[in-house]
Amino acid sequence: DNVMDATDEYIKEQAKAETAKEETAKEETTKESEIAKEETKKEDTKDEEETQPVVASETVSKGSGNFTADSKITLPVQGTVAIDYSMDSTTYFATLDQYKYNPAMVIGCEEGTEVVTVATGTVTSISQEPETGMTVTMDIGNGYKAIYGQLSQVNCTEGKTINQGEVLGKIGQTSRYYSKEGNNLYFQMTKDDVPVDPKDYLEE
């Protein structure tokens, strides 16, 4: 009996040892699985971080519109050009009684005339300027900006995207810098913040 009891005890101990080994093996497998998951997660996160700057860069370069050197515009208001764009030579400003360079088109029109956007873009700023009065600047993509001055009743806010041809606002009272020229729209375009001639983009 004692021998059988001892044998049974031995068998039980062996069974316990085997069970303990299996439990340990399971725990190690679970840990390895969790480690593998964590490593995969880290790799995925790393991949996302590496690709993110590229996406952001594309967004910044394209801006909110997709204006290019080949894009065409129509004038934002119907009127007569009072002072033309002139960065190659100086032009006369009657109110100031002086000749100077002009980085924009000054288009004479009646107060209250609706002003439409020349290209789809996002409003980056709305400001009150001494020379150009209420002025709206739009990012129209690929480094191009469209700037509209001498406005009133602006119906947009900063950050708003406006489609080409939509009404941006109306012509307001002219600033004292253009009192002799009369009511007008100050319209400027820039590429990488350097003035460009809007006429170069006008539809023929």
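Guide: Start at D193, which lies in the loop between β11 (184-191) and β12 (194-196). Strands here are DSSP runs of E, at least two residues, and helices are runs of H or I, at least four, numbered from the N terminus.

Visitor: What is the phi of D193?
Guide: D193 has a positive phi of about 70°, and it is not a glycine. Most residues other than glycine have a negative phi.

Visitor: Is D193 buried or exposed?
Guide: D193 counts as exposed because its relative accessibility is 55%. The cut-offs: buried is under 20% relative accessible area, exposed is over 50%, partly exposed is in between (1.4 Å probe, protein chains only).

Visitor: Hold on, what kind of model is this, and how is it numbered?
Guide: It is a predicted model, where local features need pLDDT of at least 70, side-chain atom pairs count only at pLDDT 80 or more, and totals for chains, interfaces and linings use all residues. Residues are numbered from 1 along each chain as its sequence is written, and side-chain values use heavy atoms, with hydrogens and water left out.

Visitor: What is the mean pLDDT of the protein chain?
Guide: The mean is 81, and 69% of the residues reach 70 or more. pLDDT is the predictor's confidence in each residue, from 0 to 100.

Visitor: Where does pLDDT stay under 50?
Guide: Residues 2-6 are one such stretch, with 0 contacts beyond four places in sequence. Residues 45-63 also stay under 50, and there the model has 8 such contacts. A contact means heavy atoms within 4.5 Å.

Visitor: Back to the loops. Where is N142?
Guide: N142 sits in the loop between β7 (133-141) and β8 (144-152). Its phi is positive too, near 55°, and it is a residue other than glycine. N142 counts as partly exposed because its relative accessibility is 24%.

Visitor: And T190, which strand is that in?
Guide: T190 lies in β11. At 5% relative accessibility, T190 counts as buried.

Visitor: Which residues does T190 touch?
Guide: Leaving out residues up to four places away in sequence, T190 touches G143, Y144, K145, I147, P195 and V196.

Visitor: New topic. How many helices and strands are in the chain?
Guide: The protein chain has 1 helix and 12 strands.

Visitor: What share of the residues is buried?
Guide: Of the 204 residues, 28% count as buried.
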